[in-house]
Amino acid sequence: HVPPRTEKMAVDQDWSSVYPTAAAFKPASVPLPIRMGYPVKRGVPPPKEGNLELIKIPNFLHLTPPAIKKHCAALKDFCTEWPSALDSDEKCEKHFPIEIETVDYISSGTSIRNPKARVVTLRVKLSNLNLDDHAKKKLIKLVGERYCKDTDMLTITTDRCPLRRQNYDYGIHLLTVLYHESWKTEMWESEKSEEDMEEYIWENSRSQNNALDTLLQIKASENDSNVTKEDLLASEVVKNYRSSVIALKNEGETEKNMSQYKESVKKLLNIQALP
Amino acid sequence: MWGHVRVWGGSPCGLAVRFLAGPASGWEAAGRARLEEGTRSQRGVCEEQRLCVSSRKTQKLFSTSSTLSAEKDESAPSKGSISEAVSKSQETTAETPKQKLLDLIGNMKVEVSYRKKLQQLKTRKQATENLEGPASEGTVLQKVTDVQRGKPLNPELVEAASAVASSLPLNKKQTVSELLAQLRRHEETTDKQKKGETVNLRNVISEMAVKRQSPAQRGVRISNRISLELYEDGQRIMPAQSFDSRRSLKVGKRLNIFTKASTETEQALKTVSSPTIWDLEFAKEIAAVTAQPPRNGFEEMIQWTKEGILWEFPIDNEAGMEDDAEFHEHIFLEKHIEDFPKQGPIRHFMELVICGLSKNPYLSVKQKIEHIEWFHKYFEEKKEFLQEI
């Protein structure tokens, strides 16, 4: 009978020509003494000849490192080089601030279609957009949940259209519209009340009024009525109080903030530290 | 410049004249007038020939990179000096474009005549002599001039030629014969042009005997160059192809008998772009017969990809899915509910319908519009009912 091919194989043969593409395990073509399977009692795993276990499993005999090198060399002609000027993430972000994310799905089946492939995600940092204070606040209000405060990232995900390119166009359209709308000031925006504010503003707040009233009363009781509101506002203690209140409101209650507030109140009301 | 002019040599003289960028001067206008009149008296011919000689020579002085002159390079310097002598001796004054044209034609004819000679004489010796250089050319020329030219040249011209030759230290006989041959060629060409024939060069090259290596080579080269010029306005035909097969169909020809160059290229394009069904079937048959079973896994994968069994990489999940509509047609559907009343529950309802449709990626734009139309019709029908209520 014909001896298997393995006996004629040289040690330094070109393996990528034995297994150029993915193929089943052929025991007569693979010159390795492999055993696989559950051993019979007091025996060894069965040898490779006629071993269904070896044939069933997927093998990577066609993807040895030299074979992969050859693939890369062949594919290199179809590739373009990464632009050498973009060698860091910061540079990439500086020149290309908008990131587009699309997903392609591979499956083993007759149909190539996958409805999840139409989803397009746009990500952009608001610091890269040219927004002034009002515009930024308005934009954040408009997008709502799509903005992440920690990373300063606006994420727009579109999947309302059947095709990916349509979704991409729609995403870009949304971004443009948001940008332009946030720069515009509508008439009814002047009716913004204190509840709508994103951050605490001390001017014209209740805290300011209270503090000023208290101080005025103190001064009045001391018969020092020459002092005006502006003077009080400009005074050191009031400024101190102001900054501590703002810190408390915006950043929340921390040890530092609380102690700062305590000090500023003491100074404001001229309370001496207890002995 | 030479090449271009050579090409246009066959076309009406006036055209060629315009292209000449040589020593142009005031005579050109006069020359053109003369040309278009087409005076062909014997004397006129002689004058032309005389002047042709001189102008040709002067032209030769200018030419540096042309096939014809290159091939006669060795003769060119000699001729150049001859021309100076000639011009001195003959006191050439009017170097009309006509003469230039005739010169060029004459030069072309030089090539032609060389080959004709070879064909006619059909002697190995001739060929080898030709290969060697101008010396041999001279002798061959001589023989040809003796044999071929029936029309006698103007004796004055002959004298002038001999005078020139004698004034030079070179081979007298050779130069004389060359000059005379050239003059004869001018005559012939002018006669032919008179009759309205197209340039002989192409004809000659097509008649060319392919036996000798050198003439064939030269002919191919020239025809390639000419064909290059010709096709410049249309396509550019690869000269490399004709170099590969010296005796290919692309050598020379293009008689341009029927139409001008540009239309011919169009025709060529047309025939290529619309193959008949039979051609397609034939091609398929050939492909089927010659198709070998795949030798390795890669070829098998190629075959599967062609058949559609294997997907095409890089994988595009939307491959083949056509939807020409833009995103705004899917999403902004307000314009379709303009027919509905602006207020009221119907409007409210339709706005919701539109909102839902705009978020639906599984319907085409057409289907969405149909949806809205259905509602429109429905409400129209029910209008009577509603109004009753």
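Buried residues (under 20% relative accessible area, with exposed meaning over 50% and partly exposed in between, for a 1.4 Å probe and protein chains only) make up 25% of the 275 residues in chain A. The model is predicted, and local features need pLDDT of at least 70, side-chain atom pairs count only at pLDDT 80 or more, and totals for chains, interfaces and linings use all residues. Residues are numbered from 1 along each chain as its sequence is written, chains are lettered from A and ligands numbered from 1 in the order in which they are written, and side-chain values use heavy atoms, with hydrogens and water left out.

**Secondary structure of chain A**

- Chain A contains ten helices and four strands, where helices (H or I, at least four residues) and strands (E, at least two) are DSSP runs numbered from the N terminus.
- Read from the N terminus, the order of elements is α-α-α-α-β-β-α-β-β-α-α-α-α-α.
- A23(A) sits in the loop between helix 1 (15-18) and helix 2 (52-56) of chain A.
- With a relative accessible area of 26%, A23(A) is partly exposed.
- A distance of 8.2 Å separates the C-alpha atoms of A23(A) and L61(A), which are 38 residues apart along the chain.

**Salt bridges**

- Over all chains, the structure has 17 salt bridges, each defined as a side-chain nitrogen of Lys or Arg within 4 Å of a carboxyl oxygen of Asp or Glu.
- In chain A, E181(A) pairs with K184(A) at 3.1 Å, N to O; E181(A) is partly exposed at 29% relative accessibility, and K184(A) is partly exposed at 42%.
- A salt bridge of 3.9 Å, N to O, joins E263(A) and K266(A).
- Because E263(A) and K266(A) are three residues apart in helix 10 (residues 255-269) of chain A, about one helical turn separates them.
- E263(A) is partly exposed at 36% relative accessible area, and K266(A) is partly exposed at 24%.
- E99(A), E101(A) and R123(A) are connected in a salt-bridge network.
- In chain B, K366(B) bridges to E370(B), with the closest N and O atoms 3.6 Å apart.
- K366(B) and E370(B) are four residues apart in helix 20 of chain B, and are therefore separated by about one helical turn.
- K366(B) is exposed at 60% relative accessibility, whereas E370(B) is partly exposed at 46%.

**Surface patches of chain B**

- Patches are made of residues with over 30% relative accessible area and no salt bridge, like charges being joined within 9 Å and nonpolar side chains (Val, Leu, Ile, Met, Phe, Trp, Tyr) within 5 Å; accessible areas come from the Shrake-Rupley method with a 1.4 Å probe, and for residues only the protein chains shown count as cover.
- F298(B), M301(B), W304(B) and I309(B) make a nonpolar surface patch of about 370 Å².
- I309(B) belongs to the loop between helix 17 (297-307) and helix 18 (327-331) of chain B, and is exposed with a relative accessible area of 53%.
- A negative surface patch comprises E338(B), D339(B), E373(B), E380(B), E381(B), E384(B) and E388(B); Asp and Glu count as negative, Lys and Arg as positive, and His and the chain ends are not counted.
- The place of a charge is taken as NZ of Lys, CZ of Arg, CG of Asp or CD of Glu.
- E384(B), one of the residues in the negative patch, lies in helix 20 (residues 365-388) of chain B.

**Cysteines**

- The structure holds zero disulfides over all chains, a disulfide being a pair of cysteine sulfur atoms within 2.5 Å.
- C72(A) is in no disulfide, and the nearest cysteine sulfur, that of C79(A), is 8.7 Å away.
- C72(A) is partly exposed at 48% relative accessibility, and C355(B) is partly exposed at 35% relative accessible area.
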